[in-house]
Amino acid sequence: MESSGEAEPAGAVEAPASKRAKEGSKNRSRQRWRKGKAKASRLTHSMDLRTMTQSLVTLAEDNMAFFSSQGPGETAQRLSGVFAGVREQALGVEPALGRLLGMAHLFDLDAETPANGYRSLVHTARCCLAHLLHKSRYVASNRRSIFFRTSHNLAELEAYLAALTQLRALAYYAQRLLTTNRPGRLFFEGDEGLSAEFLREYITLHKGCFYGRCLGFQFTPAIRPFLQTISIGLVSFGEHYKRNETGLGVTASSLFTSGRFAIDPELRGAEFERIIQNLDVHFWKAFWNVTEIEVLSSLANMASATVRVSRLLSLPPEAFEMPLTTDPTLTVTISPPLAHTGPGPVLVRLISYDLREGQDSEELSSLTKSESQWTRELWQRAQQAPRSPSLVVHFHGGGFVAQTSKSHEPYLKSWAQELGAPILSIDYSLAPEAPFPRALEECFFAYCWAVKHCALLGSTGERICVAGDSAGGNLCFTVSLRAAAYGVRVPDGIMAAYPATMLQSTASPSRLLSLMDPLLPLSVLSKCVSAYAGTETEDHSDSDQKALGMMGLVRRDTALLLRDLRLGASSWLNSFLELSGRKSQKTSQPVAEPMRRSVSEAALAQPEGPLGTDSLKNLTLKDLSLRSSSDTSDTPEMSLSAETLVPSKPSNINFLVEPEDALEEVEARSELSAKDRGPGARDAFPKGFHPRRSSQGATQMPLYFSPIVKNPFMSPLLAPDSMLKTLPPVHIVACALDPMLDDSVMFARRLRSLGKPVTLRVVEDLPHGFLTLAALCRETRQAAELCVERIRLILTPPTAPPV
């Protein structure tokens, strides 16, 4: 049918068609831009560092010449200046990165695991250079177009130039670590005064540029929208926290409603920097616990696997007996946790995909806490499965100060389904209200209870794995060390995801990345460690602390009143680890202390009482006492006595055997100029280079060197060889871009040097805490599956050798 042009008004037909054509053209243009960016990313990834730098410098000079010829306009001059800065910083950072990359292989665990903080720093700088290279190409191709968004591109270039400037400073700091430390060591080994000066200098660097437009540029693209949402929520939460003193009354819907932070990246970055530098650990505890809000937790559980059993149990604070592995006819008494707050129940969460024998027993039901009627009826209708031969004991992360098993329940449900084994997740008490060693005591007590009562949990206990992430990974190691020290069953293996093994305030190449990490900034990490150690800073004179009103005053007064309890762990250490200096005796009488002594009492006298509050039954102290370090026996070293509470000399701890290529490293280090060997951190910078400094004022980051953080039950990386030899096979899954990466690498190297079975897998382009983001994207799911694979290796019985 033929129609005339006058049959319909032209606009009625052409306007929608024109609109669709424009939208289609815009979509095609957007797709071409994305494909071009992806292609550029692949090209830059395949480039070596020098080729990338040279390409960037050439493009920067071309763009600089073009905009210089555009007249005296302010925008053109700013664009010319930013490209001049890109050229200068690219030429300056390339030699420093080249030196780091040339020596990075000396710090790897092995040739199959090329990962350490030096490599991560170089990779991050490459990501920044690659983004600038892509943006410079885009500008060179489109600068004459009428559609060229001058202000947007200028803001992007200025943000990434600032990031590159700061990364150049980090490269010089890493070079200083390289010249200061001994071969193969990743952690700063200068004296404590020099280490404190280094950290203070480092923490004054400007960070806001990494939390605005550049937020998460080093991570996989699928992570960046999530990080942007979190950053907006964080700064919004910070405003509510100040207004409501403790952050109470902040609803989930109010966290992400501050539009000005969403549309102004520079404002968001500056506010983010202020928050991480100046707000105390109570703020981070409140923010990280947002996931515990009923609405958010319900949404997370809706997207997770459905399990038959998810029960919160309360373990009564009652002592029980455990057989010794060397002689099951002898037993040791496992006392309930006592440190700081006295005896108290331990909350645990039992998760099982199937309802198994024992899980619906009356004895277990009597321990259930606030269970819903609907779930009970579901259990009654479900058919029982036989007990699993395996059991997983899980310790959650959260910096020792936040979160519970509920925060980690979504991925634990998936684990329970995939492994076919019940999981017991421990809700240990959190700092600063319950500092070290309370969490360790509770986790050890719950672990021993699980071993003894595995039949109630739906397991025969043939294979037991302990697993945890971050702070939970630390507890995996320390609980296993304490089990070996007590002589009870040690788990069959450990799976630790991005664990913290060194809680001392010290620098390492990977910890330099905390300058830009939105999830684990150095100041926040330090505050969490300070809270766990019981040595929170008492300087609350900052204006932001005063803005907290009465709560800030109460916390300060409470801190003064609890001064004696802050280092109460030293009393525990003296009582628990004192057996080596004692003479053997036939019997030991149980001692029931309702409360731990204060550190001031411990400083006035050296107690010589029995083994704290953990009495022994049918066992003499001679059976448990440990030999001196000169002994050739493999007996677990449980006694560290008082000398572990003072700064250890480097010779006291053999981190690892000297590498065979140490001579190569010494020769490479000798190539560094003498001016890079000075004691001051600022001396690391070449003449004329000045990184950007923070404009947020003094940083409220506690820089202290408390003896308690050197306790091997707090920093297992500092444990003597005789203790580490008692650990079962260890599987570590770490993140290449995690500030805690060096903790994993050094711990794996120590175990490898002792001949202990250990594996280290390092995932690329993911942040610390990827397990809680397992459902976010394909990369996080693959990393979570890797953790499950490692647990499955532990739970699979070893095959008998052929006869």
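When two helices pack, the angle between them runs from 0 to 180 degrees between their N-to-C directions, and each axis is a line fitted to C-alpha atoms. Keep that handy, because angles from 65 to 115 degrees count as roughly perpendicular and those over 145 as roughly antiparallel.

**Get your bearings**

What you have open is a predicted model. Start with the whole chain on screen. It has 803 residues, and 58% of them are buried. You can look for 27 helices and eleven strands. Among contacts between residues at least 6 apart in sequence, 83% join residues at least 24 apart.

Now colour by pLDDT, the predictor's confidence in each residue. The chain has a mean of 77, and 69% of its residues reach 70 or more. Select residues 1–15: here the pLDDT is below 50, and beyond near neighbours in sequence the stretch has two contacts in the model. Next, select residues 537–679. The pLDDT stays under 50 there too, yet the model has 251 contacts beyond four places in sequence for this stretch.

**Stop one: α5 and α6**

Select residues 150–180 for helix α5 and 192–203 for helix α6. Which way do these two helices run relative to each other? They pack at an angle of about 170°, with their axes 12 Å apart. That angle is over the 145-degree cut-off, so α5 and α6 are roughly antiparallel.

From α5 you want L170, Y173, R176 and L177, which meet F198, E201 and Y202 in α6. Sorted by class, the residues of this contact are five nonpolar, no polar and two charged.

**Stop three: N116**

Zoom in on N116, in the loop between α3 (74–103) and α4 (117–142). Is N116 buried or exposed? Its relative accessible area is 0%, so N116 is buried.

What surrounds N116? Leaving aside neighbours within four places in sequence, N116 is in contact with A104, F107, D108, L186, L741, D742 and V745. Pick out D108 from that list: the side chains of N116 and D108 make a polar contact at 2.7 Å. H105 is eleven residues from N116 along the chain, and their C-alpha atoms are separated by 8.5 Å.

**Stop four: E271**

Move to helix α9 (residues 265–278) and find E271. With a relative accessible area of 14%, E271 is under the 20% cut-off, so E271 counts as buried. Not counting residues up to four places away in sequence, E271 touches V235 and F261.

Most residues other than glycine have a negative phi, and most peptide bonds are trans.

Begin in the loop between β6 (423–427) and α15 (438–452), where you'll find P432. The peptide bond from A431 to P432 is cis, with omega near 0°. Now slide along to P437, which is also in the loop between β6 and α15. A cis peptide bond joins F436 and P437, and omega is about 10° in this case.

Next, select Q403, in the loop between β5 (388–395) and α14 (409–419). Q403 is not a glycine, but its phi is positive, about 70°. At 15% relative accessibility, Q403 counts as buried.

Finish at S470, in the loop between β7 (459–469) and α16 (471–486). What is the phi of S470? S470 has a phi near 55°, a positive value in a residue other than glycine. S470 counts as buried, with a relative accessibility of 11%.

Key:
Residues numbered from 1 in each chain as written. Predicted model: local features only at pLDDT ≥ 70, side-chain atom pairs only at ≥ 80, totals over all residues. Heavy atoms only, no water. Helix = DSSP H or I, 4+ residues; strand = E, 2+ residues; numbered from the N terminus. Parallel < 35°, antiparallel > 145°, perpendicular 65-115°, else oblique. Contact = heavy atoms within 4.5 Å. Nonpolar A, V, L, I, M, F, W, Y, C, P; charged D, E, K, R; others polar. Buried < 20%, exposed > 50% of the residue type's maximum accessible area, 1.4 Å probe, protein only. Polar contact = N/O pair within 3.5 Å; in protein donor to acceptor, adjacent residues only side chain to side chain. pLDDT = per-residue confidence, 0-100.
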